[in-house]
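Morning, everyone. Please bring up the sequence and the model on your screens.

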Amino acid sequence: MKRALITGITGQDGSYLAELLLAKGYEVHGIMRRSSSFNTERIDHVYQDPHISGAHLKLHFGDLTDGSSLRRVLEKAQPDEVYHLGAQSHVRVSFDMPEYTGDVTGLGTLRLLEAMRDAKIPAKFYQASSSEMFGNPPALPINELTPFHPRSPYGCAKVFSYWLARNYRESYGMFTVNGILFNHESPRRGPTFVTRKITRGLARIKLGKDDKLFLGNLDARRDWGFAKDYVEAMWRMLQQPEPDDYVVATNETHSVREFCEVACTYFGYTLEWIGKGVEERGIDTKTGKVLIQVDSRYYRPAEIDTLLGDYSKAKRILGWEPTTRFQQLVMLMADADLVREQHDRYIEKR
């Protein structure tokens, strides 16, 4: 039985990856931060009580800011594969907390790699790299040779981690790969990320819980895929005979504005935009009700205009392609949020 260790196992990607690996017969170990409240909602459905014989999912307390805890977990788990997904991953928040983002997202990778090297753990290592490393590139689509120009503390920290993975590969012969993932979403995405903010916000408006939704830059364009598709690519990277780096994307780009329009269609709204800049609003044409309003506080100090990824290398070498396209993804998330908010309202009334 192969053993895998996942940092960030309680997050969106970590939960889908844990499901995938368990289905493939792995013993899965996950690192989670200590908290006074439960933060395992995304993996509760696959968690097994450690007192039960044969439990294949095991959780360990650790923190990317504490190298000694990482080494202890590595020595206990003795993994064959390490998937490093843990990070402070909210781009806008990284401007407010740049030092913390650098410590967790950047130095956390260094601590983990050094713990593996020092403890002589011969595991294959996956580094969760990001399209945010590229900033506004000189040409589109973006591939593995596109130069980096990060435009946020988060992007800078990810560039640092990318080069660390490359450096440990070249310096110590470690099997390290960079999965350069473009935006990937799901019903498990955190509610402060713009995609979930849209689908959850519109669900709450539909149910009469909220009056309107406040967003930032509506014209930012992203290459959005489904997180469950993308964890399959992560696993395939570590099954290759030699380590390499891969872009994982859909080769489609859509604006935040388009995301709103597709989500509104699901909820029975037809959206019309009026005004410009911070005065812009999205109005339901049937009722004249303002559904979406721009708020400048959600703008980034430095914005990335368009991200569009070329996944042809992943297709050629890994045999990977996305299976869930943009409209299907938006509808999937909108449907899940409507069900979730309906359930929450029932609980509140009781």
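Some ground rules. This is a predicted model, so local features need pLDDT of at least 70, side-chain atom pairs count only at pLDDT 80 or more, and totals for chains, interfaces and linings use all residues. Residues are numbered from 1 along each chain as its sequence is written, and side-chain values use heavy atoms, with hydrogens and water left out.

Two strands pair if DSSP finds at least two bridges between them.

In what order do the strands sit? The order is 3-2-1-4-5-6-11. The sheet is open, and the pairing is parallel. Strand 3 (57–61) and strand 11 (245–248) stand at the edges. Each has a single partner strand, so one side of each is left without a neighbour in the sheet. From one strand to the next, the twist averages 20°. Angles run from 0 to 180 degrees between N-to-C directions, with axes fitted as lines to C-alpha atoms, for helices over the stretch in contact.

Look at one pair. Strand 2 (residues 27–32) runs parallel to strand 3, over 5 bridges. Val28 has Leu57 of strand 3 as its bridge partner.

Strand 8 and strand 15 (residues 290–294) run parallel, joined by 3 bridges. Leu213 has its bridge partner, Ile292, in strand 15.

Helix 6 covers residues 194–206, which is 13 residues. The expected span is 1.5 Å times one less than the number of residues. That gives 18 Å, and the end C-alpha atoms are 18 Å apart, so the two agree. Gly208 follows helix 6, with a positive phi near 80°. The buried residues of helix 6 include Thr195, Ile198, Leu202 and Ile205. Buried means under 20% relative accessible area, exposed means over 50%, and partly exposed is in between (1.4 Å probe, protein chains only).

Is Asp337 buried or exposed? Asp337 counts as buried, because its relative accessibility is 0%. Its side chain makes a polar contact with the side chain of Arg340, at 2.6 Å. A polar contact is a pair of N or O atoms within 3.5 Å; within protein, one must be able to donate a hydrogen and the other to accept it, and residues adjacent in sequence count only if both atoms are side-chain atoms. Leave aside neighbours within four places in sequence, and Asp337 is in contact (heavy atoms within 4.5 Å) with Arg196, Thr199, Arg200 and Ala203.

Last topic: charge. Side chains of opposite charge can pair when their charged atoms come close. A salt bridge is a side-chain nitrogen of Lys or Arg within 4 Å of a carboxyl oxygen of Asp or Glu. How many salt bridges does the whole structure hold? The search finds 28.

Take Glu341 and Arg200, which meet at 3.4 Å, N to O. Glu341 lies in helix 10 and Arg200 in helix 6, so the pair ties together parts that are 141 residues apart in sequence. Glu341 is buried at 2%, while Arg200 is partly exposed at 31%.

Another pair is Asp219 and Arg257, at 2.7 Å, N to O. Asp219 lies in the loop between strand 8 and strand 9 (221–222), and Arg257 in helix 8. Asp219 is partly exposed at 48%; Arg257 is buried at 16%.

That's the tour. Questions, please.

Note on methods. Helices (H or I, at least four residues) and strands (E, at least two) are DSSP runs, numbered from the N terminus.
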